[in-house]
Amino acid sequence: MQVQTHVDINSEWGIVAARQAGRKLAREIGFGSVDQARITTAISELARNIYLYANQGQIKIEEVADSGKRGMKIIASDEGPGIKDVRRVMEDGFTTSGGLGAGLPGVKRLMDEFIIDSEMDEGTIITAIKWLR
Amino acid sequence: MKAKAREDVMNHQEQIIDSWLNQIEAFRKEDGLKNVTDSMFDNTSREFVHKLLTTLQQDAVSDEELNQFVERLIQMGWPLNFITRGLQEFRKASVSVVAANSDVPEDKLEFFQEIENWVDDVVNLLVDQYSGSWENTVFLQKMALKELSAPLIPVFDKISVMPLVGTIDTERAKLIMENLLDGVIEHRSQVVLIDITGVPVVDTMVAHHIIQASEAVRLVGATCILVGIRPEIAQTIVNLGIDLGRFPTKSTLKKGVETALEMTKREITDLDEQEGQA
């Protein structure tokens with residue numbers, strides 16, 4: 001049983017759609033209200049990054065299971081400019097857009113697993129998982 | 001449309017209607033019109049095909065009756081593809097029926113072209129009408145949303161409240177800032193309470209906009225208090241590492257109002273208690 005949802009991000013409404021899809025799936029999997037808020041915030045953050053830096057991309061959310069654990073996986077992918085220095089964007093307060101610079105490190109703290117894969121001029125894929133406790 | 005073609009359709013209208021109704025019934029099964037009752041669907045389909053035939057007879061594409069019928073379909077929420085599909089099937093049905101009853105190939109070709117042009121005109125007209133009504137709806141909703149967007153409400157002398165409900169996007173964030181600053185000056189507020197109980201997600205962008213707005217309010221000489229922070233939102237804000245330490249926050253609007261009164265050196269007391277003390 002695998003639930004998978006795709007949301008295309010090409011406007012600010014895409015962010016809202018991704019968030020709502022994420023909240024719905026998180027509720028179905030059985031996450032509590034705090035974790036639901038964490039997951040939706042993380043999706044919102046990733047979707048906004050796509051909209052802000054790559055203009056368009058995709059958010060994929062799915063249920064995952066691993067050795068008896070259940071969880072939810074978010075895959076945010078785009079074909080944007082890529083991230084120049086991955087280590088720096090993971091520092092708190094680093095921003096290129098005048099924002100708070102808390103987005104990516106924040107997502108890492110909100111979720112349990114966080115993988116970032118970025119190539120200059122090729123795009124970025126970020127995978128994050130939250131396990132159900 | 002030429003009289004000849006029209007006559008052809010009229011002569012075989014019974015057959016056309018029958019074949020059309022069959023086709024549209026098949027369409028219904030594969031599409032999302034299953035929750036419409038049988039009699040309702042039957043009546044609507046029949047009415048549709050008769051309206052089409054009368055329009056064709058009158059040879060005026062912008063027929064009032066057909067327009068009114070479509071208007072009604074829009075209001076009842078019938079899908080647009082019922083109409084486009086219906087017209088396609090109408091073309092197919094009339095072409096095959098007329099072709100079966102005619103022996104002259106030139107006639108068939110001419111008829112085919114005639115019916116093609118006529119159907120295209122009707123489709124264009126109806127799709128225009130449909131999309132026009134959608135655009136209108138979207139526009140009205142956008143305006144309604146904007147009106148609800150970010151009101152600043154003076155609740156006491158020198159104290160105002162801005163309740164935020166729903167998603168905050170860039171455009172709304174701009175409105176919040178403008179209304180906040182205009183309102184603070186207009187109402188001579190000293191304290192502004194921003195209530196985020198109705199904001200579903202506070203991510204870094206939303207937080208950033210709120211911080212900027214409160215910073216701007218500070219510059220015009222007032223204080224911002226952020227109220228209505230739900231427990232789960234509080235946790236995500238901490239996880240994200242957003243620093244909201246520069247301005248006071250309260251869990252509920254009630255506590256915020258109490259603090260605001262305190263800051264403007266006032267309080268709400270029970271009249272009974274005062275009399276008792278006196």
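Predicted model: local features only at pLDDT ≥ 70, side-chain atom pairs only at ≥ 80, totals over all residues.

User: How do you know that the span of helix H3 (residues 38-58) of chain B agrees with its number of residues?

Analyst: Compare two values. H3(B) has 21 residues, and at 1.5 Å a residue they should span 30 Å. The end C-alpha atoms are 30 Å apart, so the span agrees.

User: What about helix H4 (residues 64-76) of chain B: what span is expected, and what does H4(B) reach?

Analyst: H4(B) has 13 residues, with 18 Å expected. From first C-alpha to last, H4(B) reaches 18 Å.

User: Which residues of H4(B) are called buried, and what does that label take?

Analyst: The cut-off is 20 or more other C-beta atoms within 10 Å of the residue's own. B:Leu66, B:Phe69, B:Val70 and B:Leu73 are buried.

User: Why are they said to line one face of H4(B)?

Analyst: Look down the axis. The buried residues of H4(B) fall within an arc of 95°, so they line one face. On the other side, B:Glu64, B:Gln68, B:Arg72 and B:Gln75 are exposed.

User: What covers the buried residues of H4(B)?

Analyst: The cover includes H3, helix H5 (80-100) and helix H6 (105-148) of chain B.

User: Which residues of H3(B) are buried?

Analyst: The buried ones are B:Thr44, B:Ser45, B:Phe48, B:Val49, B:Leu52, B:Thr55 and B:Leu56. Their arc around the axis is only 125°, which puts them on the same side of H3(B). The face turned away carries exposed residues: B:Ser39, B:Met40, B:Asn43 and B:Thr54.

User: Which residues meet where H3(B) and H4(B) are in contact?

Analyst: From H3(B) come B:Glu47, B:Phe48, B:Lys51, B:Thr54 and B:Thr55. They meet B:Glu65, B:Leu66 and B:Phe69 of H4(B). The cut-off for contact is C-beta atoms within 7 Å.

User: How many residues of chain B are in contact with chain A?

Analyst: 17 residues of chain B are in contact with 21 residues of chain A. On the chain B side, helix H8 (204-219) and helix H9 (231-240) each give two or more residues. H9(B) gives the most, with six.

Definitions and conventions
Residues numbered from 1 in each chain as written. Chains lettered and ligands numbered in written order. Helix = DSSP H or I, 4+ residues; strand = E, 2+ residues; numbered from the N terminus. Expected span 1.5 Å × (residues − 1). Buried ≥ 20, exposed ≤ 12 C-beta atoms within 10 Å, placed from the backbone. Arc of directions from axis to C-beta. Contact = placed C-beta atoms within 7 Å.
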